[in-house]
Amino acid sequence: MAAAGTTRIRRGGGAAAAVLVVAALAATLAAAGDDDPGAACARRPVVFAFGDSNTDTGGVAAGMGYYYPLPEGRAFFRRATGRLCDGRLVIDYLCESLNMSYLSPYLEALGSDFTGGANFAISGSATLPRSAPFALHVQVQQFLHFKQRSFELVAHGGSAPVDADGFRNALYLIDIGQNDLSAAFGSGAPYDDIVHNKIPAFISEIKDAIMTLYYNGAKNFWVHGTGPLGCLPQKLAAPRPDDGDLDSSGCLKTLNNGAYEFNNQLCAACDELRTQLRGATIVYTDVLLAKYDLVANHSAYGFEEPLMACCGYGGPPYNYNANVSCLGPGFRVCEDGAKFVSWDGVHYTDAANAVVAAKILSGEFSTPNLPFDYFCKA
């Protein structure tokens, strides 16, 4: 690791890792039987996204006036974009698979293009408390405002970026819960209380969001489970009495068990909603299994460091310090993020996100097993 702005130490293998990552994504798209997945769409794809920093393409930067300079964005955009990543997020790769532009943040006043949808996800967001900025409930209310204003513009002879057919046929993607789960475990609440009381409350908010969107015309949903919380350098770097809670991959078993429980309850909620919401298609994707496989079998994907942050402070084994975050005073950044799964201790690198997106696009982790572009086909 080297301090920002200084000569960085080189370690071999970065190029090989990058090749494997690109190959993983390309192989998945080729398996779908189309070199240009967006071309398979019978209509222009429209996507509305809701969630937290795993999906935020610049919302918190626009909404709060935050600025995330390089090295954020260095691997792809090579400029500040408001993403907490060295490049693209999973949602960016999913948009690429549809041959559409990246989603503009709803709160970005300048330069936004909402013809392909809008991104309501905001870093730091959770499901609860539901009225806090920018909880999932608030994001859904923002969407309803966006939709109503669009219809008002058309009714008064103007034009809107998305028409009635666009809203009706759009994909509504929800990826939230990591911050809820993190806060629940951070509160010191007993595990049973988290599983039997807190998680059901989180899931209830996600169900409410889906139902609200459905009763306002949405019919296509893509719901992501949470990731392996116990594999984040942020959690691993916290003091612990011993290593008895570590699994064979070096992750915290208790936190990951909580994430598994969250996902089991979310999957069950999606199953229930499928029987209730006539005409709706609700795809649940187990992101935890996809991400945990990346950590457990990192070398097979060309990664060298599955549990150490590329950008942070403290050096091995986790390069994470709660008092010196990435971009904080004295932070250190790795030479080649393509060898790291974690970018800053909480969020994944561009290279890791590419692999996760490829896994999602494979359909292997989704119930029902539908292609990501199902919503824009005839």
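**Exercise 1. Which residues of helix α9 are buried, and which elements do they pack against?**

Step 1. Buried means under 20% relative accessible area, exposed means over 50%, and partly exposed lies in between (1.4 Å probe, protein chains only). Helices (H or I, at least four residues) and strands (E, at least two) are DSSP runs, numbered from the N terminus.

Step 2. List the residues. The buried residues in α9 are L255, N256, G258, A259, F262, N263, Q265, L266, C267, A269, C270 and L273.

Step 3. Find the partners. Contact means heavy atoms within 4.5 Å. The buried residues of α9 pack against the helices α6 (178-186), α7 (191-214), α8 (233-236) and α10, and against the strands β5 (220-224) and β6 (281-285).

Step 4. Note the basis. This is a predicted model, in which local features need pLDDT of at least 70, side-chain atom pairs count only at pLDDT 80 or more, and totals for chains, interfaces and linings use all residues. Residues are numbered from 1 along each chain as its sequence is written, and side-chain values use heavy atoms, with hydrogens and water left out.

**Exercise 2. Where is S182, and what is it in contact with?**

Step 1. S182 is in helix α6.

Step 2. Check burial. S182 has a relative accessible area of 17%, so it is buried.

Step 3. List contacts. Leaving aside neighbours within four places in sequence, S182 touches L229, Q234 and K235.

Step 4. The C-alpha atoms of S182 and G258 are separated by 9.7 Å, although the two residues are 76 apart along the chain.

**Exercise 3. How do α10 and α11 cross?**

Step 1. Two packed helices are described by the angle between their axes and the distance between the axes. Axes are lines fitted to C-alpha atoms, for helices over the stretch in contact, and angles run from 0 to 180 degrees between N-to-C directions.

Step 2. Read the values. The axes of α10 and α11 come within 9 Å and cross at roughly 130 degrees.

Step 3. Classify. That makes α10 oblique to α11. Under 35 degrees counts as roughly parallel, over 145 as roughly antiparallel, 65 to 115 as roughly perpendicular, and the rest as oblique.

Step 4. The crossing of α10 and α11 is right-handed. A crossing is right-handed if the near helix is turned clockwise from the far one by less than a right angle, and left-handed if anticlockwise.

Step 5. Name the residues. A290, K291, D293 and L294 in α10 meet A352, V355, V356 and K359 in α11.

**Exercise 4. How many salt bridges does the structure hold? Describe examples.**

Step 1. Count. There are 12 salt bridges, each a side-chain nitrogen of Lys or Arg within 4 Å of a carboxyl oxygen of Asp or Glu.

Step 2. Take K359 and D293. Their closest N and O atoms are 2.6 Å apart. K359 lies in helix α11 (residues 350-362) and D293 in helix α10 (residues 287-296), so the pair ties together parts that are 66 residues apart in sequence. K359 is buried at 11% relative accessibility. D293 is partly exposed at 22%.

Step 3. Take R168 and D165. Their closest N and O atoms are 1.9 Å apart. Both residues lie in helix α5 (residues 164-169), 3 residues apart, about one turn of the helix. R168 is partly exposed at 38%, and D165 is partly exposed at 42%.

Step 4. Take D92 and R83. Their closest N and O atoms are 2.8 Å apart. Both residues are buried.

**Exercise 5. Where are the cis peptide bonds and positive phi values listed here?**

Step 1. Recall the background. Most residues other than glycine have a negative phi, and most peptide bonds are trans.

Step 2. Locate the cis bonds. One joins L70 and P71, with omega about 15 degrees. P71 is in the loop between α2 (59-64) and α3 (90-97). Another runs from P133 to F134, with omega near -5 degrees. F134 is in the loop between β3 (117-119) and α4 (136-155).

Step 3. Locate the positive phi values. Phi of N99 is near 60 degrees. N99 is in the loop between α3 and β3, and is exposed at 52% relative accessible area. Phi of L327 is near 85 degrees. L327 is in the loop between β8 (311-312) and β9 (332-333), and is partly exposed at 28%.
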